[in-house]
Amino acid sequence: MNEALLRSLTPSVLGILVRRGADFAAAEDAVQDALVEAVRVWPDEQPRDPKGWLVTVAWRRFLDATRAEAARRRREDRVDEEPAPGPAPATDDTLQLYFLCAHPSLTPSSAVALTLRAVGGLTTRQIARAYLVPEATMAQRISRAKRTVAGVRFDQPGDVATVLHVLYLVFNEGYSGDVDLAAEAIRLTRQLAAAIDHPEVAGLLALMLLHHARRASRTGPDGSLVPLAEQDRGRWDTVMIAEGVEILQAALVRDRLGEFQAQAAIAALHADARAAEETDWVQIVEWYDELAGLTDSPVVRLNRAVAVGEADGPRAGLAELAALSDSLPRHTAVAAYLHERDGDLATAARLYAEAAHKAPTLAERAHLTRQAARLNTGRPG
């Protein structure tokens with residue numbers, strides 16, 4: 001059973017149903033039914049045209065649901081027959097669906113959540129973690145968004161800013177290793193950059209490339225996390241870094257700074273350092289100041305505290321950290337790192353252990369546990 005194939009076909013099948021007249025919520029339900037049927041049938045005999053098979057089955061499910069609900073009988077009059085047999089068109093509808101989900105009837109946060117769930121393939125738990133809210137809260141938000149767009153004609157696509165935030169969150173989930181979506185997010189952002197002359201689109205593409213260039217060095221042979229300072233920079237993709245820097249520089253000279261350009265500038269400064277100790281932390285703090293002014297994000301301020309700790313010393317970083325809520329994800333891990341740099345190894349070990357219990361992924365938990373054990377046994381960093 002090829003789950004990767006099903007996942008890759010889902011956006012295109014969904015787009016075909018929407019273009020044929022299905023409202024988004026009904027189309028999503030029909031596609032999900034078709035995927036369940038594929039899981040049941042394909043292990044015995046996978047069709048020669050998987051996409052065409054999914055379109056046909058999903059369309060049948062949509063027609064069945066339409067006939068069963070009196071409120072949708074007007075839509076049934078516009079649908080006289082199933083799609084013609086034969087291969088389905090090879091059009092890539094994914095980016096179009098991102099814009100359609102960013103509908104003006106939705107708030108930006110609801111549009112992002114709906115797109116991540118319906119098109120991006122992320123789970124409700126992953127989306128909730130990205131938004132720093134409980135899973136139940138996010139589930140309610142997504143349900144409300146579905147109800148809002150039920151029956152809406154998708155002829156008013158949303159704005160670029162909402163789509164960019166969706167692509168950014170999809171990339172982050174792919175980059176974390178939870179879902180392999182990073183390359184897909186880059187592909188879609190390249191498409192968007194080719195279609196729209198927008199500095200923030202370029203900034204996001206540059207940011208993705210600069211982070212993705214380091215991906216091979218982020219984990220060890222056993223799958224363990226490797227912190228940025230310890231990564232083998234010889235494994236970084238210099239061609240991708242050069243492309244990211246070039247795209248970023250072209251965006252910055254237009255003097256329309258946005259949050260993705262600022263983040264890309266920080267990533268470029270990390271990529272420019274031949275060794276961790278050569279990192280220009282003073283400039284990185286300055287870029288975090290710009291970024292904080294653009295977003296007012298607590299996560300940005302948390303990362304800025306780390307940069308201040310590197311530029312001005314760990315006690316300066318701890319002073320910045322003290323002004324932030326300790327409920328922030330990774331707040332405890334940052335505190336542990338800064339206390340270790342300040343020489344308070346006992347406090348650092350305790351905080352590393354505490355952070356391990358709060359870690360959102362097994363890989364982070366294992367890394368933080370090793371850090372605590374290292375300090376407790378007196379091994380050097």
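The model shown is a predicted one. Its chain has 19 helices and 0 strands. Of the 381 residues in the chain, 49% are buried. Among contacts with a separation of 6 or more, 61% are between residues 24 or more positions apart.

A place to begin is the pair formed by helix H1, residues 3–19, and helix H2, residues 24–41. Their axes come within 9 Å and cross at roughly 140°. An angle over 145 degrees would count as roughly antiparallel, and H1 and H2 are therefore oblique to each other. Their crossing is right-handed. On the H1 side the contact is made by Leu6, Thr10, Val13, Leu14, Leu17 and Val18. On the H2 side it is made by Phe24, Ala27, Glu28, Ala30, Val31, Leu35, Ala38 and Val39. Sorted by kind, the residues of this contact are 12 nonpolar, 1 polar and 1 charged.

Helix H11, residues 199–212, and helix H12 have axes that come within 8 Å and cross at roughly 160°. H11 is therefore roughly antiparallel to H12, as angles over 145 degrees are counted that way. The crossing of H11 and H12 is left-handed. H11 brings Pro199, Ala202, Leu205, Ala206, Leu209, Leu210 and His212 to the contact. H12 brings Met240, Ile241, Glu243, Gly244, Val245, Ile247, Leu248 and Ala251. The residues of the contact of H11 with H12 divide into 12 nonpolar, 2 polar and 1 charged.

The aromatic rings come next. How many aromatic pairs does a search of the whole structure find? The search finds 3, and two of them are described here. Tryptophan 42 and tryptophan 53 form an edge-to-face pair, with 5.5 Å from centre to centre and 65° between the planes. The two residues are 11 apart in the chain: tryptophan 42 is in the loop between H2 and helix H3 (50–68), and tryptophan 53 is in H3. Is each of the two buried or partly exposed? Tryptophan 42 has a relative accessible area of 3% and is buried. Tryptophan 53 has a relative accessibility of 22% and counts as partly exposed, because the limit for a buried residue is under 20%.

The other pair described is that of tryptophan 59 and phenylalanine 62, whose ring centres are 5.2 Å apart with the planes at 40°, so the pair is tilted. Both residues lie in helix H3, 3 residues apart, about one turn of the helix. An α-helix has 3.6 residues a turn, so residues three or four places apart point the same way. Tryptophan 59 and phenylalanine 62 are both buried.

Helix H17, residues 331–341, shows how a helix can be covered by others. It is mostly covered, with 9 of its 11 residues buried. The buried residues are His331, Thr332, Ala333, Val334, Ala335, Ala336, Leu338, His339 and Glu340. What covers them includes helix H15 (298–312), helix H16 (314–322), helix H18 (345–358) and helix H19 (362–376). Just after H17, glycine 343 has a positive phi of about 90°.

Two single residues complete the tour. Arginine 254 is in the loop between H12 (238–252) and H13. With a relative accessible area of 33%, arginine 254 is partly exposed. Which residues is arginine 254 in contact with, leaving aside its neighbours within four places in sequence? They are Asp197, His198 and Pro199. Arginine 254 and histidine 198 are 56 residues apart in sequence, and their C-alpha atoms are 9.8 Å apart in space. Pro199 is also one of the H11 residues in the contact with H12.

Glutamine 263 lies in helix H13, residues 259–272. Its relative accessible area is 15%, so glutamine 263 is buried. Leaving aside neighbours within four places in sequence, glutamine 263 is in contact with Tyr168, Leu207 and Leu291.

Key:
Residues numbered from 1 in each chain as written. Predicted model: local features only at pLDDT ≥ 70, side-chain atom pairs only at ≥ 80, totals over all residues. Heavy atoms only, no water. Axes fitted to C-alpha atoms, helices over the stretch in contact; angles between N-to-C directions. Helix = DSSP H or I, 4+ residues; strand = E, 2+ residues; numbered from the N terminus. Parallel < 35°, antiparallel > 145°, perpendicular 65-115°, else oblique. Left-handed = near helix turned anticlockwise from the far one by under 90°. Contact = heavy atoms within 4.5 Å. Nonpolar A, V, L, I, M, F, W, Y, C, P; charged D, E, K, R; others polar. Buried < 20%, exposed > 50% of the residue type's maximum accessible area, 1.4 Å probe, protein only. Phe/Tyr/Trp six-rings, centres within 6.5 Å; stacked < 30°, edge-to-face > 60°.
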